[in-house]
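Reader: I'm new to reading charged contacts in a protein. Could you walk me through some?

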Amino acid sequence: MQKYIDSYDFSGKKAIVRVDFNVPLDENFNITDDTRIRAAMPTLKKVLAGGGSVIIMSHLGRPKKVDPKFSLKHIVAHVSECLGVPVAFAEDCQKADAEVAALKSGEALLLENLRFYAEEEGKPRGLAEDASEEEKQAAKAAVKESQKAFVAKLASYADCYINDAFGTAHRAHASTALIAKYFPEDKMFGYLMEGEIKAIDNVLKNARRPFTAIIGGSKVSSKLAVLKNLVGKVDNLIIGGGMGYTFIKAQGGSIGNSLHEDELIPDALEILAEAKAKGVNISLSVETRVADDFSNDANTQLVPSHEIPEGWEGVDAGPKSLENWKKIIMDSKTILWNGPVGVFEMPAFAKGTLQIAQDLAEATENGSYTLVGGGDSVAAVTRMGYADKVSYVSTGGGAMLEAIEGKVLPGIAAIQE
Ligand code: AMP
């Protein structure tokens, strides 16, 4: 049964806490962005303040074996600084008995990168490229078997389990989901997870209407499930960025050299038809900034989105599109934004995306609920200095996408069930 961190008595207890400390490091192993570390602090500090101790576990990068480049030792000093207590380090997450035994109330221990072990993800490693299907299945079964002992070992360190790693909540890994069953009465979400779950519920379950979703990014294929789920829930669906051109082409528009996926035209038509049947307003870009080259100093012009000349490609939303979208945003009580409406990485094509960030900040000030998720949209609000001017900025790109696809996330289910 799920417990709540606020009412749990941590006194004298050891809490094993899954956090997402998968932070970017430079070539000298300096942390270049510690947002994820800071995001987990309220939970860790809560346990320590309540008289407990914390055993912190995380992954870092995608190592396929023990690799010092991906060691969490690089971040110990910074975690300690943020937490305000010394942080001990266990060099092997499976051999930390001595360090765990030495932990006293108010103390913290960080375990080495969980992904040094294949058992964390439960996926076989080192298979020969020409391995037969049979060999693949056998390797998979073997790692699933050895995963049981891996999970049991981690669980043996602690009295209770906290999941505060939203970024990996969509993965059924050892530390994000499987471990929870060892703590049937003592498992809970950390504050970060709780915040993310509430934010998702605010848009998917309890949206105040009108409810608008703004979905952008490069391809329809990567967000097809999102679009299909949202079209049954929203009042307005703004589709921008590269993925918009598949829809415009599906409607018979000329899109020049713009990014598009012909094979998804039937899906685009299906979404448009479903929206029409349900009375959902789909708003596509009406005016596009087009470029004659995919580079920041390309020649550009503004053209109607359905009449993009050959040799030109859509790279940003034009002012008329942004004006339409602003009206919709200002009339909405709940707004979900995922994905840029242009090639945001190039300053010359970032205007549209930055404008959406600004509109969301304004809508929030007017009392609307705004949720921003996905790396680029989060970068846009942060760059504009609006991160604390929207209602919620999600920390988990992939996890947030799966949640808005309507999927049950294993990391969430493992605590709730
Ligand atoms: P996603 O990862 O699907 O959210 O897509 C993000 C990417 O979409 C960013 O790298 C943007 O540069 C890209 N993008 C947005 N609009 C366009 C466009 N009109 N043409 C090409 N790429 C785009």
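Reader: Where do lysine 148 and glutamate 145 lie, and how many residues apart are they?

Author: Both are in helix H5 (residues 133-156), three residues apart, which is about one turn of the helix. This is a predicted model, by the way.

Reader: What makes a contact a salt bridge?

Author: The idea is that a side-chain nitrogen of Lys or Arg sits within 4 Å of a carboxyl oxygen of Asp or Glu. The lysine 95 and aspartate 92 pair is another case, at 3.7 Å from N to O.

Reader: Is aspartate 92 buried or exposed?

Author: Buried means under 20% relative accessible area, so aspartate 92, at 19%, counts as buried. Back in helix H5, glutamate 145 is partly exposed, at 48%.

Reader: Which parts of the chain does the pair of glutamate 362 and lysine 326 link?

Author: Their side chains form a salt bridge of 3.1 Å, N to O. The pair links distant parts of the chain, 36 residues apart: glutamate 362 is in helix H11 (residues 351-365) and lysine 326 in helix H10 (residues 319-330). Glutamate 362 is partly exposed at 31% relative accessibility, and lysine 326 is partly exposed at 26%.

Reader: Which residues are linked in a network of salt bridges?

Author: Glu121, Lys123 and Arg125 are linked that way.

Reader: And how many salt bridges does a search of the whole structure find?

Author: The search finds 20.

Methods:
Residues numbered from 1 in each chain as written. Predicted model: local features only at pLDDT ≥ 70, side-chain atom pairs only at ≥ 80, totals over all residues. Heavy atoms only, no water. Buried < 20%, exposed > 50% of the residue type's maximum accessible area, 1.4 Å probe, protein only. Helix = DSSP H or I, 4+ residues; strand = E, 2+ residues; numbered from the N terminus.
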